[in-house]
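Here is a brisk report on one protein chain. Keep the structure in view while reading.

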Amino acid sequence: MKLFLILSLIGLATAVLQIGITKVASRRTKLIKSGLWPTYFKYKQALRLQSKAVVGQPVNDYDDAEYLGNITIGTPGQQFSVVLDTGSANLWVGDKSCATCAGKNTFDQTKSSTYQADGRSWSIQYGTGAARGFLGMDTVAFGEMGANQLVVPKTTFGQATSIDMDLQQDVADGILGLAFQSLAVDNVVPPLVNAINQNLLDNPYFTIYLQEKGAVENVPGGTFTYGGFDTQNCGALIAWQPLSSATYFQFRMNGISVGSYSNSKGYEVISDSGTSLIAGPSSVLDRMASVVGATYDSGTGLYFIDCNATPPPVKINIGGNTYTITEKQLIIDAGNGQCIWGLEPFDNNGFGPAWILGGIF
C-alpha cells in the first residue's frame, strides 16, 4: 500500500469527491521485458542533454508505472483516460484532427454545445515527450461518465494536433496536470485550480492513495480525493509541510537513510504522481545501493537487486517525521527474473529540486 498527501493552499471551496484510478503497465517495464530498454535509455539520455541547455529543469518522464484516471470534456461529455500528474500543470488530450493520435480517444469540438474557441496555439515539452496544437475552453469533469463527477465549467485545455513517438506509445489519451498555475504553459489555469477558484470543493487540497498491486495492469489502483481527506485510507497522522515553491509540490527533506548509511544534508524535493520511483543524486544513491546490495547498470540507468533480497528499509525525514519505505515497495519485478531497486539516479546540475518522491513514497 502506498499513500501520500498533496496540499494545495488556494481559495475556498464547497464539496468533496473521490475518483478511482487504474494501474497500467509502464513503458519501462515493457521495454525491459523485450530487451529494448538499453537502446531507449540511450535515446532518452541524448534528449535530456539537449533539454538541459534550454531550460535547466528536471525532466518529467513517464517510464514508470502509471496511474490513470477518467475525465470527460464537453457537453455531452467525451471520455478520456489521462495521467493524473502533480509534476505538470496543463490538461491536454488529442484533437480529432491529430494524425499521430491513432488508437487514442480524441476530442471533437463540433459535438460539444459548451465549447468555446481560444485562438492560441499551444505546445508542451516533457523532456522525452512533446505535444502541440491549440487551446480551447469547455466543461471538464473529473471522474468517468455516469459516475459522481467534479464538473468544472469554462476550463482551458490543450487540443493536440501532433504528439511525438514517446506519447504515441503511452496508453493514456492525455495528461491532466495538478500542479500550480505558475508551472503551466501559457499561464493557463489548471483544471483543479479552476475548480477551487469557482468554490466547487470543500477544501483547497486533495489526497492521493495508490495501491500496491504488483506486476499487474489495467486494474483498480487507488483513489484521488478532491476537496478533502481520504478517510477510508488515510492514517491517523496528518503531517503538514510548508511548500518552499508553489510551482511543483516542492518542500524540504531533512534527511534520508538506509541501514548504516545516513545523510542529513537536507534537500529540496518534489512529490510527483507522474513518477513511480524515488529519484535523487547519484553520489548519494551509489552509497545507499552499496548498503542494500543493489548494482547500477549504466546501460539502463537503473539499480538492479536480487529479487529475493531483504534490504533494510529506506527512511526519509520530512518536517521531523520519519517515513519508512519497506522492501515490498523497494523491490520491483521487471520481468525475466530481474528486479529493480526503487531508487534511480537524477542529477539536476544545480537547477531545481534535487530529489523526486514518486509513487513508492
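How many bridges join strand β7 to β8? There are 7, and strand β7 (residues 116–125) runs antiparallel to β8. The model behind this count is predicted.

## Overall make-up

The protein chain holds 6 helices and 26 strands. It has 361 residues, and 55% of them count as buried. Its accessible surface is about 14900 Å², with 51% belonging to carbon and sulfur atoms.

Strand β8 covers residues 130–142. It is mostly covered, with 10 of its 13 residues buried.

Gly 255 has Asn 317 of β21 as its bridge partner.

## The six-strand sheet

A further open sheet has 6 strands in the order β13-β14-β17-β26-β18-β25. Here the pairing is mixed. β13 (245–246) and β25 (343–345) each have a single partner strand, so one side of each is left without a neighbour in the sheet.

β13 pairs with β14 in the antiparallel sense over 2 bridges. Ala 246 stands opposite Phe 249 of β14. Helix α5 lies across strands of this sheet as well: β17, β18 (278–280), β25 and β26. Its angle to β25 is about 140°.

## A hairpin

Strand β23 (residues 331–335) and β24 run antiparallel and are joined by 4 bridges. Ile 332 has Ile 340 of β24 as its bridge partner. The two strands form a hairpin with 2 residues between them. In the turn, Asn 336 has a positive phi of about 55°.

## Nonpolar cores

In soluble globular proteins, nonpolar side chains tend to be buried together. The largest nonpolar core in this model has 31 residues. Those with the most contacts inside it are Ile 278, Met 288, Val 314, Ile 316, Trp 341, Leu 343 and Trp 355. Several elements each supply at least two residues, including β14 (249–253), β17 (267–271), β24 (338–341) and β26 (355–357). Helix α5 gives the most, with 5 residues.

What does Val 314 touch beyond its neighbours within four places in sequence? Its contacts include Ile 256 and Val 258, along with Met 288, Trp 341 and Leu 343. Others among them are Tyr 323, Ile 325 and Leu 330. A second, separate core has 28 residues, including Ile 71, Leu 84, Ile 196 and Phe 224.

## Aromatic pairs

A pair of aromatic rings is described by the distance of the centres and the angle of the planes. The count here comes to 14 aromatic pairs. Phe 107 and Phe 157 form one that is edge-to-face, at 5.3 Å centre to centre and 90° between the planes. This pair links distant parts of the chain, 50 residues apart: Phe 107 sits in strand β6 (residues 106–107) and Phe 157 in strand β9 (residues 150–163). Both Phe 107 and Phe 157 are buried.

Phe 206 and Tyr 226 form a tilted pair, with 6.0 Å centre to centre and 35° between the planes. Phe 206 belongs to strand β11 (residues 205–210) and Tyr 226 to strand β12 (residues 219–226), 20 residues apart. Phe 206 and Tyr 226 are both buried. They also belong to one aromatic cluster with Phe 142, Phe 180, Phe 224 and Phe 249.

Key:
Residues numbered from 1 in each chain as written. Predicted model: local features only at pLDDT ≥ 70, side-chain atom pairs only at ≥ 80, totals over all residues. Heavy atoms only, no water. Buried < 20%, exposed > 50% of the residue type's maximum accessible area, 1.4 Å probe, protein only. Areas by Shrake-Rupley, 256 points an atom, 1.4 Å probe, with all protein chains shown as cover. Pairing = 2+ DSSP bridges. Phe/Tyr/Trp six-rings, centres within 6.5 Å; stacked < 30°, edge-to-face > 60°. Core = buried A, V, L, I, M, F, W, Y, C linked by side-chain atoms within 4.5 Å. Contact = heavy atoms within 4.5 Å. Axes fitted to C-alpha atoms, helices over the stretch in contact; angles between N-to-C directions.
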